[in-house]
Amino acid sequence: MDTEDWNDADAYLAWATQELVRNGHKKLCMVRDAPTAKAVDEFERVLEEAKTEDPLQEFFEEHPEVLAHQIGAGCRWIIPKPKVGGVYVPDFMAARLNSGGLRWVAIELETPCIDSLFVGKYKTPARELRNGLQQIKDWRHWIENNLQTARNSPRNGGCGFVDISPKVQGMVIIGRRRITNQDDQRRRHDIFWNEHCEIQTYDWLLEEARKMIPMRHPVTDECEECELYGR
Ligand SMILES: [Zn+2]
(Lines give C-alpha, C1' and ligand atoms only; values in the text may rest on other atoms or scores of the structure.)
Protein backbone atom coordinates (compact mmCIF):
# COMPACT_ATOMS: atom_id res chain seq x y z
CA MET A 1 0.00 0.00 0.00
CA ASP A 2 1.36 3.38 -0.98
CA THR A 3 1.15 6.04 1.70
CA GLU A 4 -0.40 8.37 -0.91
CA ASP A 5 -3.46 6.13 -0.93
CA TRP A 6 -3.84 6.35 2.85
CA ASN A 7 -7.02 7.66 4.27
CA ASP A 8 -7.18 9.56 7.56
CA ALA A 9 -7.68 6.39 9.60
CA ASP A 10 -4.56 4.75 8.15
CA ALA A 11 -2.48 7.87 8.73
CA TYR A 12 -3.76 8.01 12.30
CA LEU A 13 -2.95 4.34 13.00
CA ALA A 14 0.57 4.73 11.61
CA TRP A 15 1.05 7.83 13.76
CA ALA A 16 -0.31 6.08 16.87
CA THR A 17 2.03 3.13 16.27
CA GLN A 18 5.00 5.45 15.91
CA GLU A 19 4.06 7.37 19.06
CA LEU A 20 3.76 4.25 21.21
CA VAL A 21 7.06 2.91 19.97
CA ARG A 22 8.71 6.30 20.53
CA ASN A 23 7.30 6.26 24.04
CA GLY A 24 9.37 3.16 24.64
CA HIS A 25 6.56 0.59 24.48
CA LYS A 26 7.58 -2.52 22.57
CA LYS A 27 5.00 -3.79 20.11
CA LEU A 28 4.02 -7.44 20.36
CA CYS A 29 3.35 -8.80 16.90
CA MET A 30 0.77 -11.58 16.86
CA VAL A 31 2.59 -13.28 13.99
CA ARG A 32 6.12 -13.10 15.36
CA ASP A 33 5.56 -12.88 19.09
CA ALA A 34 2.69 -15.30 19.76
CA PRO A 35 3.41 -17.43 22.85
CA THR A 36 5.47 -20.61 22.65
CA ALA A 37 4.19 -23.92 24.08
CA LYS A 38 7.02 -23.70 26.60
CA ALA A 39 5.88 -20.30 27.89
CA VAL A 40 2.27 -21.45 28.19
CA ASP A 41 3.33 -24.59 30.09
CA GLU A 42 5.33 -22.41 32.43
CA PHE A 43 2.29 -20.19 32.99
CA GLU A 44 0.31 -23.29 33.94
CA ARG A 45 3.00 -24.35 36.41
CA VAL A 46 3.22 -20.86 38.00
CA LEU A 47 -0.58 -20.76 38.23
CA GLU A 48 -0.80 -24.14 39.97
CA GLU A 49 1.72 -23.05 42.60
CA ALA A 50 0.57 -19.46 43.07
CA LYS A 51 -1.02 -18.47 46.37
CA THR A 52 -1.39 -14.79 45.41
CA GLU A 53 -1.29 -12.78 42.18
CA ASP A 54 2.35 -11.74 42.72
CA PRO A 55 4.08 -14.67 40.96
CA LEU A 56 1.63 -14.26 38.07
CA GLN A 57 2.39 -10.54 37.82
CA GLU A 58 6.08 -11.43 37.66
CA PHE A 59 5.49 -14.11 35.05
CA PHE A 60 3.46 -11.82 32.77
CA GLU A 61 6.07 -9.08 33.04
CA GLU A 62 8.53 -11.54 31.58
CA HIS A 63 6.02 -13.09 29.15
CA PRO A 64 3.55 -10.35 28.17
CA GLU A 65 2.70 -12.39 25.06
CA VAL A 66 0.87 -14.94 27.26
CA LEU A 67 -1.41 -12.18 28.57
CA ALA A 68 -1.78 -10.60 25.18
CA HIS A 69 -4.67 -12.28 23.38
CA GLN A 70 -7.36 -10.90 25.67
CA ILE A 71 -8.46 -7.98 23.57
CA GLY A 72 -9.13 -9.58 20.22
CA ALA A 73 -6.94 -10.28 17.22
CA GLY A 74 -4.05 -8.17 16.05
CA CYS A 75 -0.69 -6.88 17.21
CA ARG A 76 -0.61 -4.93 20.45
CA TRP A 77 1.25 -3.34 23.31
CA ILE A 78 1.26 -4.69 26.86
CA ILE A 79 2.64 -2.22 29.38
CA PRO A 80 3.41 -3.63 32.84
CA LYS A 81 2.89 -1.43 35.91
CA PRO A 82 2.82 1.87 34.05
CA LYS A 83 5.01 4.44 35.74
CA VAL A 84 2.89 7.31 37.00
CA GLY A 85 4.20 9.32 39.92
CA GLY A 86 2.44 8.88 43.22
CA VAL A 87 -0.86 7.42 42.02
CA TYR A 88 -2.39 4.02 41.86
CA VAL A 89 -1.79 2.32 38.51
CA PRO A 90 -3.23 -0.87 37.03
CA ASP A 91 -1.10 -4.02 36.79
CA PHE A 92 -1.01 -3.84 33.00
CA MET A 93 -2.22 -1.50 30.29
CA ALA A 94 -2.92 -3.10 26.92
CA ALA A 95 -3.49 -1.33 23.61
CA ARG A 96 -4.19 -2.44 20.09
CA LEU A 97 -5.15 -0.74 16.88
CA ASN A 98 -8.63 -0.98 15.53
CA SER A 99 -10.45 0.96 12.87
CA GLY A 100 -11.72 3.40 15.49
CA GLY A 101 -8.23 4.16 16.75
CA LEU A 102 -6.33 2.77 19.70
CA ARG A 103 -8.26 0.50 22.00
CA TRP A 104 -6.99 0.51 25.58
CA VAL A 105 -7.73 -2.03 28.32
CA ALA A 106 -6.69 -1.68 31.97
CA ILE A 107 -5.91 -5.13 33.41
CA GLU A 108 -6.00 -5.96 37.12
CA LEU A 109 -4.67 -9.24 38.46
CA GLU A 110 -6.23 -10.56 41.65
CA THR A 111 -5.57 -13.76 43.55
CA PRO A 112 -6.11 -17.12 41.84
CA CYS A 113 -6.88 -18.59 45.30
CA ILE A 114 -10.42 -17.57 46.14
CA ASP A 115 -13.40 -19.76 47.07
CA SER A 116 -16.10 -17.85 45.23
CA LEU A 117 -16.42 -14.67 43.22
CA PHE A 118 -19.76 -13.67 44.74
CA VAL A 119 -20.60 -14.02 48.42
CA GLY A 120 -23.28 -13.49 51.04
CA LYS A 121 -27.03 -13.59 50.96
CA TYR A 122 -27.20 -11.19 48.02
CA LYS A 123 -24.23 -12.67 46.18
CA THR A 124 -22.26 -9.46 45.93
CA PRO A 125 -18.66 -9.46 44.68
CA ALA A 126 -16.16 -10.99 47.11
CA ARG A 127 -13.63 -8.59 48.66
CA GLU A 128 -10.86 -9.47 46.19
CA LEU A 129 -13.13 -8.99 43.19
CA ARG A 130 -14.45 -5.74 44.66
CA ASN A 131 -10.86 -4.54 45.04
CA GLY A 132 -10.10 -5.23 41.40
CA LEU A 133 -13.24 -3.46 40.20
CA GLN A 134 -12.59 -0.49 42.49
CA GLN A 135 -9.02 -0.15 41.27
CA ILE A 136 -10.26 0.11 37.69
CA LYS A 137 -12.71 2.84 38.77
CA ASP A 138 -10.00 4.75 40.64
CA TRP A 139 -7.78 4.56 37.59
CA ARG A 140 -10.54 5.93 35.36
CA HIS A 141 -11.06 8.84 37.77
CA TRP A 142 -7.36 9.59 37.70
CA ILE A 143 -7.35 9.58 33.89
CA GLU A 144 -10.39 11.83 33.82
CA ASN A 145 -8.70 14.36 36.11
CA ASN A 146 -5.29 14.11 34.43
CA LEU A 147 -6.23 13.43 30.84
CA GLN A 148 -3.42 15.43 29.26
CA THR A 149 -0.76 13.85 31.49
CA ALA A 150 -2.15 10.40 30.73
CA ARG A 151 -1.98 11.04 26.98
CA ASN A 152 1.25 13.04 26.75
CA SER A 153 4.50 11.41 25.81
CA PRO A 154 6.93 10.57 28.64
CA ARG A 155 9.28 12.99 26.86
CA ASN A 156 6.87 15.70 28.05
CA GLY A 157 6.27 14.28 31.50
CA GLY A 158 3.24 12.22 30.48
CA CYS A 159 2.34 8.54 30.67
CA GLY A 160 2.31 7.94 26.92
CA PHE A 161 -1.15 6.38 26.75
CA VAL A 162 -1.81 7.77 23.29
CA ASP A 163 -5.41 9.01 22.96
CA ILE A 164 -6.62 7.17 26.05
CA SER A 165 -10.12 7.91 27.34
CA PRO A 166 -11.42 7.90 30.94
CA LYS A 167 -13.94 5.31 29.74
CA VAL A 168 -11.09 2.82 29.21
CA GLN A 169 -12.27 -0.79 29.34
CA GLY A 170 -11.35 -2.80 32.42
CA MET A 171 -10.47 -6.45 32.92
CA VAL A 172 -10.09 -8.26 36.23
CA ILE A 173 -8.43 -11.68 36.17
CA ILE A 174 -9.25 -13.63 39.29
CA GLY A 175 -9.80 -17.17 40.62
CA ARG A 176 -10.12 -20.52 38.89
CA ARG A 177 -12.89 -21.85 36.69
CA ARG A 178 -13.82 -24.58 39.17
CA ILE A 179 -15.10 -21.98 41.66
CA THR A 180 -17.46 -20.30 39.21
CA ASN A 181 -21.02 -21.37 38.42
CA GLN A 182 -23.90 -20.60 36.10
CA ASP A 183 -25.27 -17.77 38.26
CA ASP A 184 -21.82 -16.15 38.35
CA GLN A 185 -21.95 -15.93 34.56
CA ARG A 186 -25.02 -13.74 34.76
CA ARG A 187 -23.49 -11.56 37.48
CA ARG A 188 -20.30 -11.17 35.51
CA HIS A 189 -22.34 -10.23 32.49
CA ASP A 190 -24.22 -7.57 34.47
CA ILE A 191 -20.95 -6.09 35.71
CA PHE A 192 -19.62 -6.06 32.17
CA TRP A 193 -22.60 -4.05 30.94
CA ASN A 194 -22.87 -1.76 33.94
CA GLU A 195 -19.20 -1.13 34.65
CA HIS A 196 -17.54 -1.83 31.31
CA CYS A 197 -15.31 -4.33 33.04
CA GLU A 198 -14.74 -7.93 32.07
CA ILE A 199 -14.13 -10.58 34.75
CA GLN A 200 -12.19 -13.69 33.70
CA THR A 201 -10.52 -16.59 35.45
CA TYR A 202 -6.89 -17.62 35.05
CA ASP A 203 -8.09 -20.86 33.41
CA TRP A 204 -9.72 -18.83 30.67
CA LEU A 205 -6.45 -16.99 30.14
CA LEU A 206 -4.56 -20.28 29.99
CA GLU A 207 -6.97 -21.68 27.43
CA GLU A 208 -6.76 -18.55 25.27
CA ALA A 209 -2.96 -18.61 25.44
CA ARG A 210 -2.91 -22.23 24.24
CA LYS A 211 -5.01 -21.26 21.22
CA MET A 212 -2.36 -18.71 20.30
CA ILE A 213 0.56 -21.15 20.09
CA PRO A 214 -0.10 -22.26 16.46
CA MET A 215 -0.23 -18.60 15.41
CA ARG A 216 3.47 -18.18 16.02
CA HIS A 217 5.51 -17.74 12.83
CA PRO A 218 9.22 -17.23 12.16
CA VAL A 219 10.42 -13.63 12.39
CA THR A 220 10.98 -13.70 8.64
CA ASP A 221 7.24 -13.99 8.00
CA GLU A 222 5.46 -10.79 7.18
CA CYS A 223 2.66 -9.39 9.27
CA GLU A 224 0.14 -7.36 7.34
CA GLU A 225 -0.59 -4.99 10.20
CA CYS A 226 3.06 -4.35 11.01
CA GLU A 227 3.96 -3.93 7.32
CA LEU A 228 1.23 -1.35 7.01
CA TYR A 229 1.59 0.69 10.19
CA GLY A 230 5.11 -0.11 11.36
CA ARG A 231 6.42 -2.01 14.33
ZN1 LIG B 1 2.40 -7.66 13.49
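## Helices α2 and α8

The axes of helix α2 (residues 37-49) and α8 come within 10 Å and cross at roughly 170 degrees. Helices here are DSSP runs of H or I with at least four residues, strands are E runs of at least two, and both are numbered from the N terminus. Axes are lines fitted to C-alpha atoms, for helices over the stretch in contact, with angles from 0 to 180 degrees between N-to-C directions. α2 and α8 are therefore roughly antiparallel (angles over 145 degrees; under 35 is roughly parallel, 65 to 115 roughly perpendicular, the rest oblique). On the α2 side, Val40, Phe43, Glu44 and Leu47 make the contact; α8 supplies Tyr202, Leu206, Ala209 and Arg210. Contact requires C-beta atoms, placed from the backbone, within 7 Å.

This is a predicted model: local features need pLDDT of at least 70, side-chain atom pairs count only at pLDDT 80 or more, and totals for chains, interfaces and linings use all residues. Residues are numbered from 1 along each chain as its sequence is written.

## Glu208 in α8

Glu208 sits in helix α8 (residues 202-212). Glu208 is partly exposed, with 17 other C-beta atoms within 10 Å. The cut-offs are 20 or more such atoms for buried, 12 or fewer for exposed, and partly exposed in between, with C-beta atoms placed from the backbone. Ala68 is 140 residues away along the chain, yet the two C-alpha atoms are separated by 9.4 Å.

## Helix α5

Helix α5 (residues 127-145) has 19 residues. From first C-alpha to last, α5 reaches 27 Å, close to the 27 Å expected at 1.5 Å a residue. The expected span is 1.5 Å times one less than the number of residues.

Its buried residues are Leu129, Gly132, Leu133, Ile136, Trp139, Arg140 and Ile143. Seen down the axis of α5, they fall within an arc of 115 degrees, so they line one face of the helix. The arc is taken over directions from the helix axis to the C-beta atoms. The face turned away from the buried side carries exposed Arg127, Lys137 and Asn145. The buried residues of α5 pack against several elements, including β4 (101-109), α7 (182-195) and β8 (197-200).

## Positive phi in two loops

Asp163 lies in the loop between α6 and β7. Its phi is near 60 degrees, a positive value in a residue other than glycine. Asp163 is partly exposed, with 15 other C-beta atoms within 10 Å.

His196 is in the loop between α7 and β8. Phi of His196 is near 55 degrees, again positive in a non-glycine residue. His196 counts as partly exposed, with 13 C-beta neighbours inside 10 Å.

Methods:
Two residues are in contact if their C-beta atoms, placed from the backbone, lie within 7 Å.
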